[in-house]
Amino acid sequence: MAPSERRRRALDRGLFLADRVSRVASATWLVPSQSDPSGVHAVALVDGYLHCDCYAAAAGQSCAHKAAVALTLLAGPVPDAAASEAVDVQRSA
């Protein structure tokens, strides 16, 4: 498979995973594994590059987990429900 096709497929799978990314530290996210339903992969931002602990990334291939985190970062911050309720209460006061 050509590298451009691998990147496209990783991005497609990343779109599927993007809504299930959870941030666990300032520069670390957990992304569900696609091959193991009970597993997760850690993706870290180091020196401006995303690094994943999955087999594909270790082999130098495009990785759906890094794509999911990249898409999440591009989408921007999403306020949690408690924060948006506090803002609504302040506005109504």
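**Stop 1: the nonpolar core.** Start by selecting Val-21, Val-31, Val-43, Cys-52 and Val-69: of the 13 residues in the largest nonpolar core, these touch the most other members. A nonpolar core here is a set of buried Ala, Val, Leu, Ile, Met, Phe, Trp, Tyr and Cys residues joined through side-chain atoms within 4.5 Å. Buried means under 20% relative accessible area, exposed means over 50%, and partly exposed is in between (1.4 Å probe, protein chains only). Now colour strand 2 (28–32), strand 4 (49–52) and helix 3 (64–75), as each supplies at least two residues of this core. Helix 3 gives the most, with three residues. In soluble globular proteins, nonpolar side chains tend to be buried together.

A word on what you are viewing: this is a predicted model, in which local features need pLDDT of at least 70 and side-chain atom pairs count only at pLDDT 80 or more, while totals for chains, interfaces and linings use all residues. Residues are numbered from 1 along each chain as its sequence is written, and side-chain values use heavy atoms, with hydrogens and water left out.

**Stop 2: Cys-52.** Zoom in on Cys-52 and show what surrounds it. Leaving aside neighbours within four places in sequence, Cys-52 is in contact (heavy atoms within 4.5 Å) with His-41, Ala-42, Val-43, Ala-57, Cys-63, His-65 and Lys-66.

**Stop 3: helix 1.** Next, select residues 3–17, which form helix 1. Helices (H or I, at least four residues) and strands (E, at least two) are DSSP runs, numbered from the N terminus. Which residues of helix 1 are buried? They are Ala-10, Gly-14 and Leu-17. The buried residues pack against strand 2 and helix 3. On the other side of helix 1, Leu-15 and Phe-16 are exposed.

**Stop 4: Leu-45.** Move on to Leu-45, in strand 3 (residues 40–46). Leu-45 is partly exposed, with a relative accessible area of 37%. Not counting residues up to four places away in sequence, Leu-45 touches Ala-27, Trp-29 and Leu-50. Try the distance tool too: Leu-45 and Thr-28 are 17 residues apart in sequence and 6.5 Å apart in space, C-alpha to C-alpha.

**Last stop: the whole chain.** Zoom out and follow the protein chain from the N terminus, where the elements run α-β-β-β-β-α-α-α. That comes to four helices and four strands. Of its 93 residues, 23% count as buried.

Terms used
Expected span 1.5 Å × (residues − 1).
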